[in-house]
Amino acid sequence: ITEALLDVVARLESSIEFVEDDLPAVESDKMVETLRSIRTQLSQLSATFAPGRLLNDGLKVALVGRPNVGKSSLFNALLGRGRAIVTDIPGTTRDVLTEAVGFKGVPVLLIDTAGIRNSNDPIESIGVERTRREAADADLLIVVVDGAQRLNYKDRLVLAEVGNQPYLVALNKCDLESFSETLSERDGQTNGTCIGRFSVSAKTGEGLEKLQTAILQPFVNGKSPTENLLITNARHHDLLLRANMAIADSETEMNKQSSEELILVGLHNALGFLGEITGETTSNEILGRIFSTFCIGK
Ligand code: GDP
């Protein structure tokens, strides 16, 4: 990216400084095109920030559901499939269990909740409150439903509690005779985005592989111009956005057919921002490029 940008800067600079040397005319259209492609790449790189951050911090996944649907069993089954990273996480209580595991190299914080339910018992209410907070804080919810039974009002209460976060539905106990995917419309009405339903069995392990893949899917999709290059640093992310805006300014000036000096302001700013990430890009480098590109001098 910096390379391409330096080329444009070098061309503009040279057309200012060596006008009388009859250099190739500034091909403005081509430059606008180049700048646009640079911005696309910058945008793609910025877009890797969300998955990049998750790779760093871990993905918070909470299991919710009414009692007895098999949350704890599923929690343990999923833990068994992942590689345990940490076993003792501070703050673990009886009602909310958190374990960190690696799913295909992505750290996942798996949270087993006590189940969201209304309760008059003050002690149980504390657990319920905590569950709500944990669920609201999660990157993804797994709503566990007993697939061998009809959806009941307690399941609906759980679904109603789903905030505007992504969730997937795990229809558990698919090993049982009475299991059916079509007993009722199980996702009901929620504010969140349902990213899929999966028939699983915590007992036999059936469907768990697919569930695991589905858990990771929304978070490993960041397209990066350079393979496997992810932005994990908030400051870098900010600098990329600023570089992008600075180049957009230059594009605007170019389209207005402003002077090279004006166009260059944005480009130099962009180089500055990118330089803060890479620690490169001095004016010497630019000058060197001007000379090498256009063979000026003796
Ligand atoms: P929780 O209250 O939602 O955490 O549910 P549990 O994990 O404690 O499971 C409730 C009951 O369902 C237990 O008796 C489990 O053995 C049983 N159970 C959980 N998952 C499955 C499953 O996939 N198949 C079958 N057949 N039973 C299951």
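Author: A nonpolar core, as I use the term, is a set of buried residues such as Ala, Val, Leu and Ile, joined through side-chain atoms within 4.5 Å. Please keep in mind that the model is predicted.

Reader: Happy to. What makes up the largest nonpolar core here, and which residues have the most contacts inside it?

Author: The largest core has 28 residues, and Leu74, Ile142 and Ile215 have the most contacts inside it. The elements giving two or more residues to this core are the strands β1 (59-64), β3 (97-103), β4 (106-112), β5 (140-146) and β6 (166-172), together with the helices α4 (71-81) and α7 (208-216). There is also a second, separate core of 26 residues, which includes Leu42, Phe49, Leu240 and Leu264.

Reader: What is Ile142 in contact with, leaving aside its neighbours within four places in sequence?

Author: Its partners are Val61, Ala62, Leu63, Val64, Leu78, Leu168, Ala170 and Ile215. Each counts as a contact because heavy atoms lie within 4.5 Å.

Reader: Why do you call β1 largely enclosed?

Author: A residue is buried if its relative accessible area is under 20%. Five of the six residues of β1 are buried, so the rest of the structure largely encloses this strand.

Reader: How do you know that β1 pairs with β4, and in which sense do they run?

Author: Pairing takes at least two bridges. β1 and β4 have five bridges, in the parallel sense, so they count as paired. One example is Ala62, whose bridge partner in β4 is Ile111.

Reader: And how many bridges join β1 to β5?

Author: There are four, and these two strands also run parallel.

Reader: What about Asn244, buried or exposed?

Author: Its relative accessible area is 10%, again under 20%, so Asn244 is buried. This residue belongs to helix α8 (residues 234-255). Beyond four places in sequence, Asn244 is in contact with Arg39, Leu42 and Ser43. Leu42 is one of the residues of the second core.

Reader: Now the ligand. Which residues around the ligand come nearest?

Author: Of the 15 residues around the ligand, the nearest are Asn68, Lys71, Ser72, Ser73 and Asp175. Helix α4 gives the most to this shell, with three residues.

Reader: Finally, how many helices and strands does the chain have?

Author: The chain has 10 helices and seven strands. Of its 298 residues, 44% are buried.

Notes. Residues numbered from 1 in each chain as written. Predicted model: local features only at pLDDT ≥ 70, side-chain atom pairs only at ≥ 80, totals over all residues. Heavy atoms only, no water. Buried < 20%, exposed > 50% of the residue type's maximum accessible area, 1.4 Å probe, protein only. Near = heavy atom within 4 Å.
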